[in-house]
Amino acid sequence: MAYQLQEINRRVQSDVMEFLSECDQAYAQRVSLAVDKILANLERSPIVLLSGPSGSGKTTTALKIAEELRRRGVNSRAVAMDNYFLTPNPKTVPRTPEGSVDFESPLCLDMELLDQHFTALSRGEEILIPKFEFARQMRNDSTGTPLRLEKNEIAIFEGIHALNDAIAGRHPEATKLYISARSNVHEGSILRFKGTWMRLTRRAVRDFNFRGTGVAATLEMWANVRRGEKLYISPFKQKADIIFDSSLPYEVAVMRNYAMPILQAVPEENARLEELLQLIEAFQWFEPIDPALVPKDSLLREFIGGGSYKYH
(Lines give C-alpha, C1' and ligand atoms only; values in the text may rest on other atoms or scores of the structure.)
Protein backbone atom coordinates (compact mmCIF):
# COMPACT_ATOMS: atom_id res chain seq x y z
CA MET A 1 0.00 0.00 0.00
CA ALA A 2 1.27 3.48 -0.84
CA TYR A 3 0.04 6.97 -0.02
CA GLN A 4 0.10 9.97 -2.34
CA LEU A 5 1.82 13.13 -1.10
CA GLN A 6 -0.53 15.44 -3.01
CA GLU A 7 -3.59 13.89 -1.33
CA ILE A 8 -2.01 14.08 2.14
CA ASN A 9 -1.16 17.75 1.73
CA ARG A 10 -4.57 18.51 0.26
CA ARG A 11 -6.34 16.92 3.23
CA VAL A 12 -4.07 18.71 5.72
CA GLN A 13 -4.94 22.05 4.14
CA SER A 14 -8.65 21.45 3.61
CA ASP A 15 -10.05 19.25 6.41
CA VAL A 16 -7.30 18.19 8.78
CA MET A 17 -9.53 16.98 11.65
CA GLU A 18 -11.62 14.81 9.34
CA PHE A 19 -8.41 13.49 7.79
CA LEU A 20 -7.04 12.45 11.20
CA SER A 21 -10.34 10.85 12.13
CA GLU A 22 -10.55 8.83 8.90
CA CYS A 23 -6.98 7.54 9.27
CA ASP A 24 -7.51 6.47 12.88
CA GLN A 25 -10.83 4.85 12.00
CA ALA A 26 -9.17 2.84 9.23
CA TYR A 27 -6.65 1.57 11.75
CA ALA A 28 -9.44 0.73 14.22
CA GLN A 29 -11.02 -1.40 11.48
CA ARG A 30 -7.77 -3.35 11.10
CA VAL A 31 -7.76 -3.96 14.85
CA SER A 32 -11.38 -5.12 14.68
CA LEU A 33 -10.52 -7.64 11.95
CA ALA A 34 -7.70 -9.00 14.12
CA VAL A 35 -10.13 -9.43 17.01
CA ASP A 36 -12.53 -11.31 14.72
CA LYS A 37 -9.73 -13.77 13.99
CA ILE A 38 -8.71 -14.09 17.66
CA LEU A 39 -12.26 -14.87 18.79
CA ALA A 40 -12.82 -17.33 15.94
CA ASN A 41 -9.74 -19.22 17.18
CA LEU A 42 -10.43 -19.00 20.92
CA GLU A 43 -11.67 -22.57 21.25
CA ARG A 44 -8.36 -23.82 19.84
CA SER A 45 -6.09 -21.50 21.86
CA PRO A 46 -6.23 -18.59 24.34
CA ILE A 47 -2.77 -17.46 23.20
CA VAL A 48 -2.20 -14.56 20.78
CA LEU A 49 1.30 -13.97 19.38
CA LEU A 50 1.86 -10.42 18.13
CA SER A 51 5.08 -9.70 16.28
CA GLY A 52 6.57 -6.85 14.30
CA PRO A 53 9.82 -4.94 13.87
CA SER A 54 11.03 -2.01 15.97
CA GLY A 55 8.81 1.06 15.73
CA SER A 56 5.80 -0.83 14.38
CA GLY A 57 3.45 0.12 17.23
CA LYS A 58 3.10 -3.36 18.72
CA THR A 59 2.41 -2.08 22.24
CA THR A 60 -0.43 0.25 21.28
CA THR A 61 -1.88 -2.37 18.97
CA ALA A 62 -1.88 -4.95 21.78
CA LEU A 63 -3.67 -2.43 24.01
CA LYS A 64 -6.21 -1.61 21.30
CA ILE A 65 -6.88 -5.30 20.69
CA ALA A 66 -7.43 -5.75 24.44
CA GLU A 67 -9.83 -2.78 24.39
CA GLU A 68 -11.83 -4.21 21.49
CA LEU A 69 -11.96 -7.63 23.15
CA ARG A 70 -13.39 -6.02 26.31
CA ARG A 71 -16.04 -4.30 24.21
CA ARG A 72 -17.03 -7.76 23.00
CA GLY A 73 -17.13 -9.21 26.53
CA VAL A 74 -13.77 -11.02 26.53
CA ASN A 75 -10.98 -10.16 28.97
CA SER A 76 -7.32 -10.29 27.97
CA ARG A 77 -3.90 -9.92 29.52
CA ALA A 78 -0.99 -8.32 27.66
CA VAL A 79 2.45 -9.85 28.24
CA ALA A 80 5.67 -8.17 27.04
CA MET A 81 8.00 -10.88 25.78
CA ASP A 82 10.97 -8.64 26.65
CA ASN A 83 10.54 -9.96 30.20
CA TYR A 84 11.59 -13.38 28.92
CA PHE A 85 15.10 -12.18 28.06
CA LEU A 86 17.81 -14.36 29.55
CA THR A 87 20.38 -12.77 31.84
CA PRO A 88 23.31 -12.35 29.38
CA ASN A 89 26.21 -14.75 29.82
CA PRO A 90 29.34 -13.11 28.30
CA LYS A 91 30.58 -16.52 27.16
CA THR A 92 27.44 -17.64 25.34
CA VAL A 93 25.50 -14.48 24.46
CA PRO A 94 24.90 -14.07 20.69
CA ARG A 95 27.06 -11.43 19.04
CA THR A 96 26.99 -9.33 15.88
CA PRO A 97 29.68 -9.75 13.20
CA GLU A 98 31.39 -6.75 14.84
CA GLY A 99 31.56 -8.57 18.19
CA SER A 100 29.01 -6.60 20.22
CA VAL A 101 26.05 -8.27 21.97
CA ASP A 102 23.31 -8.98 19.42
CA PHE A 103 20.21 -7.89 21.33
CA GLU A 104 18.13 -8.52 18.18
CA SER A 105 18.81 -12.27 18.26
CA PRO A 106 16.01 -14.63 19.38
CA LEU A 107 18.69 -16.57 21.28
CA CYS A 108 18.48 -13.80 23.89
CA LEU A 109 15.02 -15.11 24.82
CA ASP A 110 14.14 -18.02 27.11
CA MET A 111 12.35 -20.12 24.48
CA GLU A 112 11.92 -23.11 26.79
CA LEU A 113 10.15 -21.07 29.46
CA LEU A 114 7.86 -19.46 26.86
CA ASP A 115 6.96 -22.93 25.55
CA GLN A 116 6.16 -24.13 29.07
CA HIS A 117 4.08 -21.05 29.84
CA PHE A 118 1.99 -21.28 26.65
CA THR A 119 1.20 -24.90 27.43
CA ALA A 120 0.38 -24.17 31.08
CA LEU A 121 -1.92 -21.24 30.25
CA SER A 122 -3.78 -23.33 27.68
CA ARG A 123 -4.41 -25.89 30.42
CA GLY A 124 -5.74 -23.30 32.84
CA GLU A 125 -2.65 -23.47 35.05
CA GLU A 126 -0.96 -20.53 36.75
CA ILE A 127 2.38 -19.20 35.54
CA LEU A 128 4.82 -16.64 36.92
CA ILE A 129 5.72 -14.08 34.26
CA PRO A 130 9.38 -13.11 34.88
CA LYS A 131 10.64 -9.54 35.16
CA PHE A 132 13.68 -8.44 33.16
CA GLU A 133 15.47 -5.47 34.71
CA PHE A 134 16.99 -3.61 31.78
CA ALA A 135 18.93 -1.19 33.98
CA ARG A 136 20.79 -4.12 35.58
CA GLN A 137 20.64 -6.34 32.47
CA MET A 138 19.31 -9.30 34.42
CA ARG A 139 16.12 -11.27 34.88
CA ASN A 140 14.62 -11.26 38.35
CA ASP A 141 12.09 -14.08 38.64
CA SER A 142 11.39 -13.24 42.30
CA THR A 143 9.54 -10.07 41.21
CA GLY A 144 7.50 -11.88 38.57
CA THR A 145 3.75 -11.55 38.02
CA PRO A 146 1.41 -14.54 38.47
CA LEU A 147 -1.07 -15.19 35.67
CA ARG A 148 -3.86 -17.70 35.23
CA LEU A 149 -6.40 -17.38 32.44
CA GLU A 150 -10.06 -17.73 33.27
CA LYS A 151 -12.45 -19.31 30.81
CA ASN A 152 -12.81 -17.12 27.69
CA GLU A 153 -9.79 -15.03 28.71
CA ILE A 154 -6.91 -14.37 26.32
CA ALA A 155 -3.18 -13.72 26.78
CA ILE A 156 -1.53 -11.46 24.18
CA PHE A 157 2.22 -12.08 24.00
CA GLU A 158 3.85 -9.13 22.23
CA GLY A 159 7.44 -9.08 21.00
CA ILE A 160 9.65 -8.92 17.93
CA HIS A 161 10.23 -12.71 17.97
CA ALA A 162 6.67 -13.85 18.65
CA LEU A 163 6.39 -15.57 15.24
CA ASN A 164 9.84 -17.19 15.32
CA ASP A 165 9.64 -20.93 14.62
CA ALA A 166 11.22 -21.65 18.01
CA ILE A 167 8.14 -20.01 19.61
CA ALA A 168 5.19 -20.03 17.21
CA GLY A 169 6.35 -23.26 15.56
CA ARG A 170 5.82 -25.11 18.83
CA HIS A 171 2.30 -23.68 19.17
CA PRO A 172 0.72 -23.55 15.71
CA GLU A 173 -2.71 -23.41 17.37
CA ALA A 174 -2.07 -19.85 18.66
CA THR A 175 -3.46 -16.84 16.77
CA LYS A 176 -0.57 -15.08 15.03
CA LEU A 177 -0.47 -11.38 14.10
CA TYR A 178 2.24 -9.40 12.33
CA ILE A 179 2.31 -5.61 12.35
CA SER A 180 4.58 -3.12 10.63
CA ALA A 181 4.55 0.38 9.15
CA ARG A 182 4.86 -0.71 5.55
CA SER A 183 3.56 2.12 3.35
CA ASN A 184 5.69 4.45 1.25
CA VAL A 185 4.60 7.96 0.30
CA HIS A 186 4.84 8.85 -3.41
CA GLU A 187 4.42 11.99 -5.45
CA GLY A 188 3.12 10.47 -8.65
CA SER A 189 5.69 7.77 -9.33
CA ILE A 190 8.45 9.49 -7.30
CA LEU A 191 9.20 8.00 -3.89
CA ARG A 192 9.18 10.80 -1.31
CA PHE A 193 9.15 8.91 2.03
CA LYS A 194 10.03 5.26 2.67
CA GLY A 195 7.97 3.07 4.98
CA THR A 196 11.13 2.10 6.85
CA TRP A 197 11.79 5.81 7.47
CA MET A 198 8.46 5.96 9.32
CA ARG A 199 9.68 3.34 11.77
CA LEU A 200 13.11 4.96 12.09
CA THR A 201 11.44 8.31 12.80
CA ARG A 202 9.11 6.79 15.38
CA ARG A 203 12.03 5.18 17.17
CA ALA A 204 14.29 8.24 16.97
CA VAL A 205 11.61 10.56 18.37
CA ARG A 206 10.60 8.13 21.13
CA ASP A 207 14.21 7.39 22.10
CA PHE A 208 15.07 11.09 22.23
CA ASN A 209 12.00 12.13 24.24
CA PHE A 210 11.59 9.20 26.61
CA ARG A 211 14.74 7.06 26.71
CA GLY A 212 17.49 9.68 26.82
CA THR A 213 19.00 8.43 23.55
CA GLY A 214 20.19 10.94 20.95
CA VAL A 215 19.44 10.62 17.25
CA ALA A 216 23.07 9.84 16.44
CA ALA A 217 22.98 6.81 18.79
CA THR A 218 19.64 5.63 17.36
CA LEU A 219 21.03 5.87 13.84
CA GLU A 220 24.11 3.94 14.89
CA MET A 221 21.92 1.15 16.31
CA TRP A 222 19.54 1.19 13.37
CA ALA A 223 21.85 -0.74 11.04
CA ASN A 224 21.91 -3.70 13.46
CA VAL A 225 18.18 -3.36 14.12
CA ARG A 226 17.53 -3.65 10.36
CA ARG A 227 19.97 -6.54 10.08
CA GLY A 228 18.07 -8.31 12.88
CA GLU A 229 14.75 -7.72 11.17
CA LYS A 230 15.95 -9.29 7.95
CA LEU A 231 17.45 -12.28 9.76
CA TYR A 232 15.03 -12.93 12.61
CA ILE A 233 11.67 -11.19 12.04
CA SER A 234 10.71 -10.73 8.37
CA PRO A 235 11.29 -14.40 7.41
CA PHE A 236 8.44 -15.41 9.73
CA LYS A 237 5.82 -12.78 8.86
CA GLN A 238 4.10 -15.09 6.36
CA LYS A 239 3.29 -17.41 9.28
CA ALA A 240 0.85 -14.76 10.56
CA ASP A 241 -2.90 -15.26 10.32
CA ILE A 242 -3.21 -11.50 9.79
CA ILE A 243 -0.60 -9.05 8.46
CA PHE A 244 -1.54 -5.43 8.86
CA ASP A 245 -0.05 -2.02 8.31
CA SER A 246 0.38 0.36 11.26
CA SER A 247 1.37 3.41 9.20
CA LEU A 248 -0.96 6.40 9.37
CA PRO A 249 -1.20 8.67 6.31
CA TYR A 250 -0.97 11.75 8.54
CA GLU A 251 2.01 10.69 10.65
CA VAL A 252 4.89 12.17 8.62
CA ALA A 253 3.14 15.56 8.68
CA VAL A 254 3.00 15.32 12.50
CA MET A 255 6.44 13.82 12.99
CA ARG A 256 8.23 16.55 11.03
CA ASN A 257 7.57 18.83 14.04
CA TYR A 258 9.62 16.51 16.26
CA ALA A 259 12.08 14.94 13.87
CA MET A 260 13.47 17.89 11.93
CA PRO A 261 14.92 19.80 14.93
CA ILE A 262 16.69 16.73 16.34
CA LEU A 263 17.92 15.58 12.92
CA GLN A 264 19.30 19.02 12.09
CA ALA A 265 21.17 19.09 15.41
CA VAL A 266 23.27 16.00 14.54
CA PRO A 267 26.89 17.02 13.76
CA GLU A 268 27.87 17.04 10.09
CA GLU A 269 30.70 14.57 10.72
CA ASN A 270 28.17 11.85 11.61
CA ALA A 271 28.81 8.67 9.62
CA ARG A 272 25.12 8.47 8.63
CA LEU A 273 25.04 12.06 7.32
CA GLU A 274 23.77 11.06 3.87
CA GLU A 275 20.67 9.35 5.29
CA LEU A 276 20.16 12.25 7.71
CA LEU A 277 20.11 14.74 4.84
CA GLN A 278 17.73 12.54 2.84
CA LEU A 279 15.35 12.39 5.79
CA ILE A 280 15.50 16.14 6.43
CA GLU A 281 14.73 16.83 2.77
CA ALA A 282 11.91 14.28 2.73
CA PHE A 283 10.08 15.90 5.66
CA GLN A 284 10.05 19.24 3.87
CA TRP A 285 7.63 17.92 1.23
CA PHE A 286 4.87 17.61 3.85
CA GLU A 287 2.50 20.28 5.13
CA PRO A 288 2.90 20.17 8.95
CA ILE A 289 0.11 19.13 11.31
CA ASP A 290 -0.02 20.55 14.83
CA PRO A 291 0.64 17.56 17.18
CA ALA A 292 -1.99 18.94 19.59
CA LEU A 293 -4.62 17.83 17.05
CA VAL A 294 -3.58 14.16 17.28
CA PRO A 295 -6.17 12.19 19.28
CA LYS A 296 -5.05 10.96 22.70
CA ASP A 297 -5.70 7.34 21.73
CA SER A 298 -3.82 7.52 18.41
CA LEU A 299 -1.14 4.91 17.81
CA LEU A 300 1.24 7.82 17.13
CA ARG A 301 1.03 8.83 20.81
CA GLU A 302 3.19 5.78 21.63
CA PHE A 303 6.06 7.69 20.07
CA ILE A 304 5.28 11.37 20.70
CA GLY A 305 3.73 11.05 24.16
CA GLY A 306 0.68 12.73 25.66
CA GLY A 307 -1.59 9.76 25.00
CA SER A 308 -4.30 8.05 27.01
CA TYR A 309 -2.53 4.67 27.23
CA LYS A 310 0.04 3.80 29.88
CA TYR A 311 3.09 2.10 28.37
CA HIS A 312 5.39 1.66 31.38
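Student: At what angle do helix α4 and helix α6 pack?

Tutor: In this predicted model, α4 (residues 195-210) packs on α6 (residues 251-264) at about 50°, the axes lying 10 Å apart. Axes are lines fitted to C-alpha atoms, for helices over the stretch in contact, with angles from 0 to 180 degrees between N-to-C directions. Helices (H or I, at least four residues) and strands (E, at least two) are DSSP runs numbered from the N terminus. Residues are numbered from 1 along each chain as its sequence is written. Local features need pLDDT of at least 70, side-chain atom pairs count only at pLDDT 80 or more, totals for chains, interfaces and linings use all residues, and side-chain values use heavy atoms, without hydrogens and water.

Student: Which residues of α4 and α6 make the contact?

Tutor: Contact means heavy atoms within 4.5 Å. From α4 come M198, T201, R202, A204, V205, F208 and N209; α6 supplies E251, V252, M255, Y258, A259 and I262.

Student: Now the sheet: what is the order of its strands?

Tutor: Strands of a sheet pair through backbone hydrogen bonds, either parallel or antiparallel. Here the open sheet of 5 strands runs β3-β8-β2-β9-β12, with parallel pairing; two strands pair if DSSP finds at least two bridges between them. β3 (75-80) and β12 (242-245) are at the edges with a single partner strand each, so one side of each has no neighbour in the sheet. From one strand to the next, the twist averages 20°.

Student: How many bridges join β2 to β9?

Tutor: There are 4 between β2 (residues 47-51) and β9 (residues 175-180). S51 has Y178 in β9 as its bridge partner.
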